[in-house]
Amino acid sequence: MCSLEKRGNVWFLTLTGDNQHRLNPTLIQSILLTLSKLSSQSTPGSVLITTAHGKYFSTGFDLAWARGTASDSAAAVDRLHFMVDSLKPVAAALMSLPMPTIAAVNGHASAAGFLLAICHDYVLMRNDNAVLYMPEVHLALPLPEYFAVVMRSKIRSATALRDVLLSGAKVTAAEAVKMGIVDSAHDSAERTVDAAMRLGERLAERKWEGEVYAEIRKSLYPEACGVLGLAQKALASKI
């Protein structure tokens with residue numbers, strides 16, 4: 001599950017419960033409903049920080065849920081596809097949320113957990129005990145189309161993209177900063193969240209109009225927004 005807390009103009013969406021925060025249908029739906037609620041309550045100056053309890057940010061899809069108790073491999077594949085399809089609206093909600101977004105990556109973020117983090121505008125990460133990891137090449141799992149497009153839109157270095165997706169490299173925060181994936185690295189989960197809060201407060205002071213901010217974000221990532229089904233809205237100018 002996840003919780004939502006407001007500190008001034010900064011909202012904290014925190015993944016709770018399962019220490020690894022595996023993305024099963026229950027957690028995915030909880031995140032989506034929380035983002036929908038947050039979008040409806042957005043005011044100028046609102047900012048979102050997403051983080052998690054414990055030593056993991058998210059280890060990706062809940063493969064144990066996909067396997068279930070049945071031995072039918074076809075059913076397991078169908079359940080995995082269901083999770084993949086269910087996460088797509090979460091990615092779309094983050095890419096269209098009418099406020100700046102920050103991921104405070106408190107621990108390992110792998111596979112779908114990595115995607116969840118990189119859908120935010122800013123990514124801050126602990127450096128002492130965390131990696132970003134896309135293991136699909138090692139697991140012989142194809143990469144969903146929207147995963148590939150979002151990763152390609154957000155990671156502009158071809159070398160970094162190759163290492164993340166084709167080599168399945170486990171990337172530390174310091175390495176991710178050099179690769180342009182992460183904005184800053186911090187010594188602990190607490191310092192990562194503190195840094196995210198400071199950044200959030202600075203962004204909140206600008207009191208940007210959320211709907212305009214969201215449309216500018218969409219214009220920056222047209223390919224990702226296209227595959228996520230997000231269309232540009234025509235907004236009237238105030239000039």
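Figure 1. Arg7 is partly exposed, because its relative accessible area of 36% falls between the limits of 20% and 50%. In this predicted model, Arg7 forms a salt bridge with Glu5, and the closest N and O atoms of the pair are 3.3 Å apart. Glu5 is likewise partly exposed, with a relative accessible area of 38%. Side chains of opposite charge can pair when their charged atoms come close. A search of the whole structure finds 7 salt bridges, and two further examples are shown in the next views.

**Figure 2. The salt bridge between Glu223 and Arg152.** The closest N and O atoms of Glu223 and Arg152 are 2.5 Å apart in this salt bridge. Glu223 belongs to helix 11 (residues 222-227) and Arg152 to helix 6 (residues 145-154), so the pair ties together parts that are 71 residues apart in sequence. Glu223 counts as partly exposed, at 41% relative accessibility. Arg152, at 37% relative accessibility, also counts as partly exposed.

Figure 3. Helix 6 is largely enclosed by the rest of the structure, because 8 of its 10 residues are buried. These buried residues are Tyr146, Phe147, Ala148, Val149, Val150, Met151, Ser153 and Lys154. The cover over them includes helix 3, helix 4 (112-118), helix 5, helix 7 (158-165) and helix 11. Helix 11 is also the element that holds Glu223, the salt-bridge partner of Arg152 in helix 6.

**Figure 4. The salt bridge between Asp187 and Arg191.** The side chains of Asp187 and Arg191 meet in a salt bridge, with a distance of 3.1 Å from N to O. Both residues, Asp187 and Arg191, are exposed.

**Figure 5. Thr192 in its buried setting.** Thr192 is part of helix 9, which spans residues 189-204. Thr192 is buried, because its relative accessible area of 0% is under 20%. A polar atom of the Thr192 side chain lies 2.7 Å from the backbone oxygen of Ser188. Leaving aside residues up to four places away in sequence, Thr192 touches Ala104, Val105, Leu124, Met125, Arg126 and His186.

**Figure 6. The largest pocket and its lining.** Rolling a probe the size of a water molecule over the atoms shows where empty space is left. The largest pocket holds about 460 Å³ of space. Its lining consists of 23 residues, and those nearest the centre of the pocket are Phe61, Leu63, Leu80, Glu136 and Leu141. Two or more lining residues come from each of helix 2 (63-67), helix 3 (73-95) and helix 5 (136-139). Helix 3 gives the largest share of the lining, namely 4 residues. By class, 13 residues of the lining are nonpolar, 5 are polar and 5 are charged.

**Figure 7. The second largest pocket and its lining.** The volume of the second largest pocket is about 150 Å³. Its lining is formed by Ile118, His120, Asp121, Val123, Ser153, Lys154, Gly180, Ile181, Val182, Asp183 and Tyr221. These lining residues divide into 5 nonpolar, 3 polar and 3 charged. Ser153 and Lys154, which take part in this lining, are also among the buried residues of helix 6.

How values were computed:
Residues are numbered from 1 along each chain as its sequence is written. This is a predicted model: local features need pLDDT of at least 70, side-chain atom pairs count only at pLDDT 80 or more; totals for chains, interfaces and linings use all residues. Side-chain values use heavy atoms; hydrogens and water are left out. Buried means under 20% relative accessible area, exposed over 50%, partly exposed in between (1.4 Å probe, protein chains only). A polar contact is a pair of N or O atoms within 3.5 Å; within protein, one must be able to donate a hydrogen and the other to accept it, and residues adjacent in sequence count only if both atoms are side-chain atoms. Contact means heavy atoms within 4.5 Å. On a 1 Å grid over the protein atoms alone, a cavity is a set of points where a 1.4 Å probe fits but cannot get out, and a pocket is an open set with protein on both sides within 12 Å along at least five of seven lines; lining residues have an atom within 4 Å of a point. Grid points are joined across faces, edges and corners, and a volume is the space filled by probe spheres set on the points. Ala, Val, Leu, Ile, Met, Phe, Trp, Tyr, Cys and Pro count as nonpolar, Asp, Glu, Lys and Arg as charged, and the others, Gly among them, as polar. A salt bridge is a side-chain nitrogen of Lys or Arg within 4 Å of a carboxyl oxygen of Asp or Glu.
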